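This report is meant for a reader who is new to the structure shown below. Please keep the sequence and the model in view while reading.

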Amino acid sequence: MCDLHHSDHEHAAPQSGLSRRQVLHLLGAAGVTSAGLAMTGDAAMAATASDTTSGYTPPTGLAKDTPAKRGALAWIDAHGGDITALNDEVWEHAELSLREWNSSIAEAEFLRRNGFQIEWGAAGFPTAFVATFHNGAGPTLGFSGEYDALPGLSQKKGAGQHDPLVYHHDPFAPTYGPGHGCGHAALGSAAAGAAAATAQGMRRNGVGGTIKFFGSTAEEQLIGKAYAVREGVYRGLDAFLDWHPGTTNSTGWGTSSALTAVTFTFLGVAGHGGLPLGNKSALDAAIMLATMTEFLREEHLAPSGRLHYVINNGGDAPNVTPEIAQISYYVREGSPERVKVLFDKVVSCAQAAAQASQTRVEHKITAACWNKLPSRSAAELLHENMLQIGPPRFTDADQRLAREIQDSLGLPTKGVSTEIGDLEPPNPAFLGGGSTDVADISWQVPTVSLGTAVAPIGCKTHNWAFAATTAAPMGHAALLAASKYLAALAIDLLTQPERLQTLKDEFAERTKDVEWRSMLPADFEPPMYEPPEWFLKRTGQSWPPRNITWPPPRVVSREKFASLGPDLAPQT
């Protein structure tokens with residue numbers, strides 16, 4: 001689900017204990033090196049290849065000290081409390097994908113108060129919006145905003161051990177509430193702060209251009225941006241600036257995994273578990289599918305691939321044969337073409353599971369996104385700004401919390417990162433990893449990403465540790481640093497036309513052999529929840545949007561009991 005922690009994954013070295021040469025030798029046969037993919041015609045993967053050789057040294061003299069930049073950074077210093085307050089408000093709401101009613105309003109109101117015009121309902125999503133600041137002729141830059149939480153990752157802020165803030169008692173199946181285990185409260189707030197600071201620097205120093213902040217829904221479902229790109233929401237940009245909470249302070253020009261998300265629904269016939277003959281268990285079918293796809297791993301899943309799933313619905317009571325069951329998969333690979341090959345194998349397994357269990361299966365693609373197109377020139381400019389500004393300023397208390405969390409999770413107690421990571425070329429062997437719907441934007445416009453140490457060294461996103469630190473002082477320091485890095489980069493792109501042109505030239509070279517087409521089906525309808533009436537009134541929207549069928553068609557089993565053949569004659 002959020003899937004990509006940019007800074008940590010982009011530079012991750014193989015952890016196999018093999019040398020670089022051995023890894024390349026092993027992976028060459030799987031087609032996961034950039035050169036190998038280029039030779040086999042995978043243009044989407046070849047376009048992400050690094051053009052550097054060993055001994056790379058980042059260029060210097062790119063980032064400039066200007067009044068506009070100093071003004072933007074000073075604005076963040078003066079309004080840091082407003083930015084962290086926004087973060088904390090979104091953290092408290094902890095709203096799930098497609099239902100970020102309060103969080104989206106909080107982000108939009110922050111930007112409206114700082115001179116932005118708000119347009120709600122981007123691509124039909126109720127909680128998506130575009131905030132625009134215009135200051136005359138000049139480039140148009142986009143900032144990425146996210147604010148959705150994850151299910152089951154509730155955690156008390158600043159707690160060094162797992163301690164859910166929201167705990168749902170159930171004598172049979174206790175659960176935790178949602179929480180910001182991917183740090184999106186910080187992501188959207190820092191980006192909003194950077195957009196507002198950039199606008200202030202432009203306004204006070206006569207810098208022309210347009211700033212757009214894209215409030216995006218459902219990144220954790222990897223659908224908000226991918227669908228919005230297809231609908232043209234991101235057209236007209238000159239560059240796109242992104243960041244993500246992580247465990248290092250770094251940037252780079254690595255790629256990410258392409259992905260298709262799919263839910264299989266099996267339909268059977270319910271009956272008493274004590275009288276099972278003739279019943280058709282949809283749960284049996286889901287378990288068969290899960291089992292069969294496990295057997296894909298040895299011979300059909302390359303080191304660049306990932307296959308993971310969750311049973312969303314497996315029934316409600318042991319003595320009722322489940323009539324309906326859902327199992328959802330994320331199918332990842334290095335490019336859209338490779339995802340399609342692996343996806344088709346999963347579908348074949350689902351069809352076999354339905355046939356074996358005598359159930360019926362339907363499948364629905366719920367999201368799809370490309371691998372990310374990197375920008376080396378943008379990363380180089382961003383990295384120099386990060387070095388000039390310096391790393392986040394963490395306190396002794398932050399380090400104590402970091403070590404407590406690490407000890408609780410069985411990690412080395414190294415604390416939180418206090419350095420700016422080196423800028424290094426990505427590994428030429430793509431070993432797979434996370435995905436991001438920012439990737440689809442990256443094929444439309446030069447895009448760059450960074451990470452800051454919101455959480456301790458060694459921690460992972462989608463874990464309670466990120467929820468604990470995002471709204472703690474440690475997270476505040478990291479998100480304010482991210483806000484400064486983004487604002488500084490934006491000012492450089494607005495005031496140095498030659499730097500922006502370098503980004504565009506690299507983008508044109510990388511994309512010359514690639515035609516981007518959405519991985520979503522042509523008849524795709526995005527998933528949505530009906531908003532509460534107060535939200536529609538507050539944002540001036542109506543329901544439903546034109547791009548969905550509402551109410552959606554019901555999914556109802558019409559299956560028949562299984563036949564056991566003719567009745568047997570009684571034995572006498």
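## Basis of the description

Helices (H or I, at least four residues) and strands (E, at least two) are DSSP runs, numbered from the N terminus. The model is predicted, and local features need pLDDT of at least 70, side-chain atom pairs count only at pLDDT 80 or more, while totals for chains, interfaces and linings use all residues. Residues are numbered from 1 along each chain as its sequence is written, and side-chain values use heavy atoms, with hydrogens and water left out.

## Two helices that cross

Two packed helices are described by the angle between their axes and the distance between the axes. Helix α5 (residues 67–78) and helix α8 (residues 184–205) have axes that come within 8 Å and cross at roughly 135°. The two helices are therefore oblique to each other, a label for angles that are not under 35 degrees (roughly parallel), over 145 (roughly antiparallel) or 65 to 115 (roughly perpendicular).

Contact, meaning heavy atoms within 4.5 Å, is made by P67, A68, A72, W75 and I76 of α5 and by G193, A196, A197, T198, Q200, G201 and N205 of α8.

## Two buried serines

S104 lies in helix α7 (residues 101–113) and is buried, with a relative accessible area of 0%; buried means under 20% relative accessible area, with a 1.4 Å probe and protein chains only. The side chain of S104 reaches the backbone oxygen of E100 at 2.8 Å. Not counting residues up to four places away in sequence, S104 touches W120, T127, F129, Y147 and F535.

S377, in helix α13 (residues 376–389), is also buried, with a relative accessible area of 10%. Its side chain makes a polar contact with the side chain of E506 at 2.6 Å, a polar contact being a pair of N or O atoms within 3.5 Å, of which, within protein, one must be able to donate a hydrogen and the other to accept it, and residues adjacent in sequence count only if both atoms are side-chain atoms.

## Backbone features

Most residues other than glycine have a negative phi, and most peptide bonds are trans. A123, in the loop between β1 (117–120) and β2 (129–134), has a positive phi near 60°. A218, in the loop between β6 (210–216) and α9 (224–230), has a positive phi of about 55°.

A cis peptide bond joins W543 and P544, with omega about 0°, and P544 is found in the segment after α19 (533–539). Another cis peptide bond joins W550 and P551, with omega about -5°.

Conventions
Axes are lines fitted to C-alpha atoms, for helices over the stretch in contact, and angles run from 0 to 180 degrees between N-to-C directions. Buried means under 20% relative accessible area, exposed over 50%, partly exposed in between (1.4 Å probe, protein chains only).
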